[in-house]
Amino acid sequence: MPHAIQQLEVSDTLHTKEWLRRYQRVRQASEALCAPLCTEDYVIQSMADVSPPKWHLAHVTWFFEAFLLTPFQPHYRPLDPVYDFLFNSYYETHGVPFPRPRRGTLSRPTVADVYRFRAHVDAAMTELLESPPPEHAEEIARRVELGLHHEQQHQELLLMDIKHILAQNPLCPAYRDDLAAPPSQVPGELAWLDYAAGVRLIGHDRDTGFGYDNEGPVHRQFVEAFQLANRPVSNADWLAFMADGGYTRPELWLSDGWQQVGEAGWQAPLYWVERDDGWHHYTLGGLRPVDPHAPVVHVSFYEADAYARWAGVRLPSEAEWEVAAHDASLRGNLVESDHLQPVAAPPLTSAPVQLYGDVWEWTGSAYRPYPGFRPLPGTLGEYNGKFMSGQMVLRGGCCATPADHLRPTYRNFFPRTPAGRSPGCGLPGRPEMTPVVHFHDQHLPAASQSLCEELLAGLVASPKVCSPKFFYDRRGSELFDAICCQPEYYPTRTEEAILQAAASEIAEVVGRDATLIELGSGARSQDPPAAGGATPGLLPGGGYLPRLPARMHPPAGGGLPWLEVHAACADFSRPMVWPDGLAGERPVAFFPGSSIGNFTPEEAEVFLDGLAALLPPGGGLLIGVDLIKERRILDAAYNDAAGITAAFNLNLLERLRREFEAEVEPKRFAHSAFYNAEACRVEMHLVSRCEQVIRLAGARIPFAEGKVCTPRIPTSTASTAFVTWPVAPVSYRRRCGPTRMRCSAFTTWSAPPEAP
């Protein structure tokens, strides 16, 4: 991460033991931050400006090898010379760096190899620091100090990038589930603190210890009288901005910022998600409700500037911020606090609070050199000087910053719209635009008596069965999203490939005057706006009606502001009602993922009859079905190595406990899935591991060892073909028997099977 270097003053005697202790402490801290990770977490690069944790650990090690061991340890031998290429970040005068956007393609060296690299360099650095060459002792001390601050920067980046990596996972996994609980406090009303005009000394004094070169030299600057808020902008403040149309009012935005709002669809800070019970956001502790009293985080400079205009104020200059911070205590919610998330401010006083820690604070100052600035000579001069263009300054550190890494003069910098990290425990990227959504509640019951009766009827039947719709509570939908990402699960990839390849043809058959009725998908990727790249050519212009299972995620639609969505909370296996206001549109039902296979042939007949009644003449059906393929491919798709499908299956029992207060122990059941060639379908079962009894709604339901409960799974496992049926007066028959669904012609699009 580019920051600048301030030359160090070192005493005549190099305190080697002190340097070695500090070196070991900082190096151990990096590895401690990675201790909660699984091996798979180390190698992901979720976007170009995020680096895999494995790369961070290797790069900071490369820094010591390249700038200390190679020049000052004559007998040092690299563990692997190619590491000098792979882990160079941007030092062009040292060598050609490996391309940053491709760091996630490096499966080798492995995570174990990287830790061996660290141990190899640590051993050599220990030897160097215990017996430094006297003629180079001062320069070694300077570079060690720089290298340790460089590694502390990457410790902050590690947490930033780990957060973004884990946030891509639909399960919203926590990096740690034992973070310190945030304090329960209400900061009080925002007030303004007065600062007098005068000539001030701005910048880092080299006599006070370490500082990067972009912090100096010290220079005089006249600062007009100003006022500064006594606390940062809170989430409650930001919610008021949003409620007043802050993201829809161009008069509040700089021109480039307003363009970003339109192109990226900004509607809330990064990682905010609106749920039935309010706004939530992803944190390193998982998905949590937004704390209205905590400082807002993950907003770009453009957003911060728009908020200031809306509030009738402005962002402070970095000189004003430094004046206010000059006498402030260098304490706050830093990484040592172990919250790893901004927390509510303490009770307000006559001095500003939270100047340090919690969030990096935007200023209104461009990142430019101070008067008299000179970069260091040689390769280390690249550390900062070449980045002084197109960036804005931030101050104060954040909840991921080490305490001994901060100073009042510390200048951080980011682009106005970071393709990389937003301030705070920063994250790359921006949320995509959500389309206009209208909700229609068709009164689907939650844990009602009727649903309980339906479950009970299936469990006491012989054989025991359960409708697959009970899979899709919130947890089940999250697990199914994860299933769709597993390498063994080909259906989603194949479905997307078909939609991408045939988008223009499908659009031609469907017609642009249609309203697409999506009948409920288990995964976000199966929603029509997500599949096939969400091209306007695929989606009709009239509207989009997703029918969603209760408590399921809202419909996809990122980046399609022109798309109007009518979301009906309903059960598509029951009689359907056309939402008010859309009766005049030409409807085309969209049923992807071969969900038709969830029905028995008799149920499929009833379902299609009901759909035909909903679709008037001129309407149509776009349906996904699978093609029979090799057993090994089908079996693997429902028995993934990660065990996600098994967890999805067993979650059905967890749901019985959560919502219906059933007495059942999921660990006493096993997941079983296989292709039934005789019935031409994949079957998924819950197999009792022992003789047992479960209780539901007062009923006693015995299970013998090996007895199965069968949640019915698709007769055809997933969409490797799509069929359109324009409704017309010609009967169409398939193995499910005659129905009122009629078509004069149908078109198919398919893809070849793939190996698992």
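A residue is called buried when its relative accessible area is under 20%, exposed when it is over 50%, and partly exposed in between (1.4 Å probe, protein chains only). By this definition, 56% of the 756 residues of the chain count as buried. The structure is a predicted model, in which local features need pLDDT of at least 70 and side-chain atom pairs count only at pLDDT 80 or more, while totals for chains, interfaces and linings use all residues. Residues are numbered from 1 along each chain as its sequence is written, and side-chain values use heavy atoms, with hydrogens and water left out.

The chain contains 16 helices and 25 strands; these are DSSP runs (helices H or I, at least four residues; strands E, at least two), numbered from the N terminus.

**Two helices in contact**

Helix H11 (residues 474-483) packs against helix H16 (residues 644-660) at an angle of about 180°, and their axes are 9 Å apart. The two helices are therefore roughly antiparallel, a term for angles over 145 degrees. Contact means heavy atoms within 4.5 Å; on the H11 side the residues include Leu-479 and Phe-480, and on the H16 side they include Ala-647 and Phe-648.

**Salt bridges**

Side chains of opposite charge can pair when their charged atoms come close. A salt bridge is a side-chain nitrogen of Lys or Arg within 4 Å of a carboxyl oxygen of Asp or Glu, and the structure holds 28 of them.

| Pair | Closest N to O distance |
|---|---|
| Arg-143 and Glu-139 | 2.8 Å |
| Arg-395 and Glu-318 | 2.9 Å |

Arg-143 and Glu-139 both belong to helix H5 (residues 137-167), where they are four residues apart, about one turn of the helix. Glu-139 is partly exposed, at 30% relative accessible area.

Arg-176 is buried at 19%, whereas Asp-338 is partly exposed at 23%.

Arg-395 and Glu-318 also form a salt bridge, which joins strand E9 (residues 391-395) to helix H9 across 77 residues. Arg-395 is buried, with a relative accessible area of 0%, and Glu-318 is buried at 7%.

**A buried loop residue**

Leu-284 lies in the loop between strand E6 (278-283) and strand E7 (286-289). This residue is buried, with a relative accessible area of 0%. The C-alpha atoms of Leu-284 and Pro-173 are separated by 8.3 Å, although the two residues are 111 residues apart along the chain.

Methods:
Axes fitted to C-alpha atoms, helices over the stretch in contact; angles between N-to-C directions. Parallel < 35°, antiparallel > 145°, perpendicular 65-115°, else oblique.
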